[in-house]
Amino acid sequence: MAAYSLTVNGNSVSLDVDDPNTPLLYLLQDNLQLNGPKFGCGLGQCGCCTVLLDGQPIRSCITAISDSAGHAVTTIEGLGTTDNPHPIQQSFINQQAMHCGYCLSGPMLYGKAFIDQNPGATRDQILAVLGQTQLLCRCHSHSRMLQALVNYAQGTI
Amino acid sequence: MKLRDAAKPIEPRSMTPDAYAALKKAGSSRRDFLRGAGVMIIGFSMTGKATKLAAQSPINPTGLVDATLVDSWVAIGADESITAYSGKCEFGQGFQTVQYQLIAEELSVSMSNVKLIFCDTGFTPDQGVTSGSQSHLAEFGPGGLRQALDTARDALMQLASQQLDAPVGQLVVQNGVVSLQSDPTQSVTYGQLVQGARFNLTLNSNTVPKDPSQYTILGTSVPRVDIPAKATGQFQYVQNVRVRGMLHGKVVRSPIWGAHVVSVDQSSVAGMPGNPQVVVNKDFVGVVADTEWHALMAAAALNVTWSNADPLPSFTGLYDYIQQQPSSDSYTVNSGDTAQTLQQAVQVVSAQYLHPYQMHGAIASSCAVADVQGGTGANATAKIWSATQGVYPQRDSVAVVLGIPNSNVRVTFVEGSGCYGCNGNDNVSFDAALLSQAVGKPVRVQYSRKDENTAGENYGPAHVNKLMAGVDKNGQVIAWTSEAWTLSKGGRPSATAPGNIITGALVGFPAPVPTPSAATPPKTFANNSNTACNYVTGVVGTNPPAGTGTIASQQVLVHSIPSPYFTGPLRSPERLQNTFANESFMDEVAAAAKADPVQFRLKHLKDQRLIAVLNAAATAANWDTRPSPKPGNARTGVVTGRGVSCVLYEGNNGYCALIAQVSVDQDAGMITVTNLTASQDSGPPSNPDGLRNQMEGGALQGMSRALFEEVKWNDQAGIITSTDWTSYPVFEWGMPIPQIKTVLLGPLNAPKLGAGECTITLVGSAIANAVFDATGVRMRRIPFTPSNFLAAKGS
């Protein structure tokens, strides 16, 4: 059993884990009881488990706790709350940009990481970035999600 | 933000925190639950119908929720709170919000005063399954939520009339306050009127719903109530249900489809971390451990010896195989004269369409939590948190599987990801229940993607449709014949058929398949699977014509054969497969007659609402009126075209039309959909933006199914090879997203019709017709991959 220290949504946490290969997702979901990152495929093929690791989007289902230790993890819960949503979350709300919402961490966090580095990014640029990695939405809410990201990028939420 | 206390179990999501607190305080009988919610049980105008009392079971007994009683649907607290109960759930389609709108509208209260509890056996009315574009029909129709609300409203107004000493006609109601029209200071609230009592009324079938012209909430684009929590990661899906003392389970399925357990070497996981326990029940194998990762490791390590299995049909020869099997046959319609009529035709067109097995492929691998205590028998109990579309059918079927009376089983719906039909949600609930029963502790099961894809869900079946039509010298279709083959095994689980899904069959319940039988003459025109096209009259026997078209000489024959894989409803089940064939073929006939595809359809339609949606889509898409293929397009390089499709969904449940515009790289075989214009008349939209969202999702999901999706297997090895998102390709982020335009029709006073499955039904045919327009190549086989396009081009 080893203790791994990391920062999750601004809080310092220490997790006792016997297997260093344990995926970060299970620890966020089960040990820390977070609901934002979700299990979709366990293969890094869909993006439901996306979190930011030091600001960069990663797949928590295929990222070992041993590789996460010492880093800062942000889930979509760490962005804002229902009472005080982050602008990117407000943009999704305004566009009603989801059906089931299960996949949301993927497009929201990949979009946020890119747009925050590239303010004013265009629709085509955002779509191209989301296409650089395998990301899925099976309810097929792509049109509205993309519009929500474009509005966030252009400051027109 | 504050992290949650890891020791604190989280309540089931389908209940509001207040409702759940009340439930916990009161124990679990619904009668006490209502008392806990501030609703006392005292006399109200008794109808003479005795209220059933809660038995002293820890789980509510069958029949406690009598759907003929108003109190089963709505309770009004002394604190003015409105609590409603329904049997129709939310899985991203937005119907939760529509129900809030309906409750607020019919009772003239604010949505914020309403709490809706849905799909929890013993607490909510049994409304079967939330599926099949039936929710609006159920809740706005006889015996549904609206009738219960209106009966309650009538009673409230009668009470107010007595209280305020004025006729009902002189009262106005706003936000739960009834007042005299002439003197608003004379008023009384719902809470004061009811004083915490039950209604003790049966639903009044003669009650009059609010006039839609008076609507202020229904018919408006109220934002969905679930979205803020989902957008901020606060929402608790079934994957996030955490029960105190919960263990984690994994199923171990045979790699070879249909193999049986020979032996299980329990020593192969001995000493592994997490104290794994092995569970074997006939062909069902699973492991349970303390954490999900430990369970996953143990499942991977468990050494199971499997038998050989019956051979699978050839993957490449499937469509021939289907047509060679003994089948259960039925006619949708048979005028008996098609052979003679076809002889009078100046032109006879025929074609065959092929549709593969497809999977629901829900983004979330299915998950459920079960807590089975006491083993089996009369004293055992089971509690299941499930994203099932039907809590009561699951309760009744899992009770049989567990050997526990259904009165001792409680199934609580907790939303999962979009499921699109009979995906793995029921099956994983069976798995969790069996594992929990074996270990005596609550168990959560989260499928792997491979579990989900290859041994968790019921696929949408493959199809072969052969069509023939005769055209006379005036370009009028005078005869239409269709012969379709489909496959079936199982379906949704029920008390009489727990083997309808995989796990039920693994523990020994038979999986029903069609029994060969000859077709008999149909008695009525039942077109709920859209086996018959839009253009036939639908005359059966001496019944009046029930179809939407003008073609009188008609024959539609369906063959159903046993499927090697489990099958079940997948969004627009078989309506999509049949409509792909019918609407592609109508386009082929139009092209043979050198007619414009829209005009040719209009020429053979008599239903005014179907005509209206077709015209609306054509107008919105600036339809270019001319025959297909498009003149002047080169036969190499990139070309563009447009195609149309329309249908009356299920023959009576939603009018829709779709126009697709495509760009085709004819050398690479790459089809890109650039525009989708959808029109729909499902009656007056309850939530226009919600309906548009459904149409947009249906349009893109239909595009994914048309362009990419096909379940594959290796018949030599006996394994299903579509195990993940690489081997089951779908539409992905980064691919071009077509411009989607939606047009809503729907007369204000028309009855509600189905909404969620209309658009998706049309996409394959609209794209195929657009590809033909652009290239002259007819796509008769889904998916429209580059290799299938190049094969069609070459043939």
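Okay, housekeeping. The model is predicted, so local features need pLDDT of at least 70 and side-chain atom pairs count only at pLDDT 80 or more, while totals for chains, interfaces and linings use all residues. Residues are numbered from 1 along each chain as its sequence is written, and chains are lettered from A, ligands numbered from 1, in the order in which they are written.

Let's start with chain A. Helices here are DSSP runs of H or I with at least four residues, strands are runs of E with at least two, and both are numbered from the N terminus. Two strands pair if DSSP finds at least two bridges between them. Strand 1 of chain A, residues 2-8, pairs with strand 2, residues 11-17, in the antiparallel sense over seven bridges. Leu6(A) has Val13(A) as its bridge partner in strand 2 of chain A. The hairpin leaves two residues between those strands, and Asn9(A) takes a positive phi near 50° there. Strand 1 of chain A also runs parallel to strand 5, residues 72-74, with two bridges joining them. In that pairing, Thr7(A) is partnered by Ala72(A).

Next up, helix 6 of chain A, residues 142-154. Its expected span is 1.5 Å times one less than its number of residues. Ten of the 13 residues are buried, which means 20 or more other C-beta atoms lie within 10 Å of a residue's own, versus 12 or fewer for exposed and in between for partly exposed, with C-beta atoms placed from the backbone. Among the buried ones are His142(A), Arg144(A) and Tyr152(A). So what covers the buried residues of helix 6 of chain A? The cover includes helices 3, 4 and 5 of chain A, together with helix 18 and strand 26 of chain B. Just after helix 6 of chain A, Gly155(A) takes a positive phi of about 70°.

That brings us to helix 18 of chain B, residues 688-707. Its 20 residues should span 28 Å, and its end C-alpha atoms are 28 Å apart, so that agrees. Because 18 of the 20 residues are buried, helix 18 of chain B is largely enclosed by the rest of the structure.

Now the interface. In contact means that C-beta atoms, placed from the backbone, lie within 7 Å. By that rule, 55 residues of chain B touch 61 residues of chain A. Helix 18 of chain B gives the largest share of the chain B side, seven residues. That side divides into 24 nonpolar, 21 polar and ten charged residues. Nonpolar here is Ala, Val, Leu, Ile, Met, Phe, Trp, Tyr, Cys and Pro; charged is Asp, Glu, Lys and Arg; the others, Gly among them, are polar.

Last stop, the core. A nonpolar core is a set of buried Ala, Val, Leu, Ile, Met, Phe, Trp, Tyr and Cys residues joined through C-beta atoms within 7 Å. The largest one has 266 residues, and Ala433(B) and Ile767(B) are among those with the most contacts inside it. Helix 19 of chain B, residues 758-775, supplies the largest share of this core, eleven residues. Leaving aside neighbours within four places in sequence, Ala433(B) is in contact with residues including Ala370(B), Ile384(B) and Leu402(B).

Note on methods. Two residues are in contact if their C-beta atoms, placed from the backbone, lie within 7 Å.
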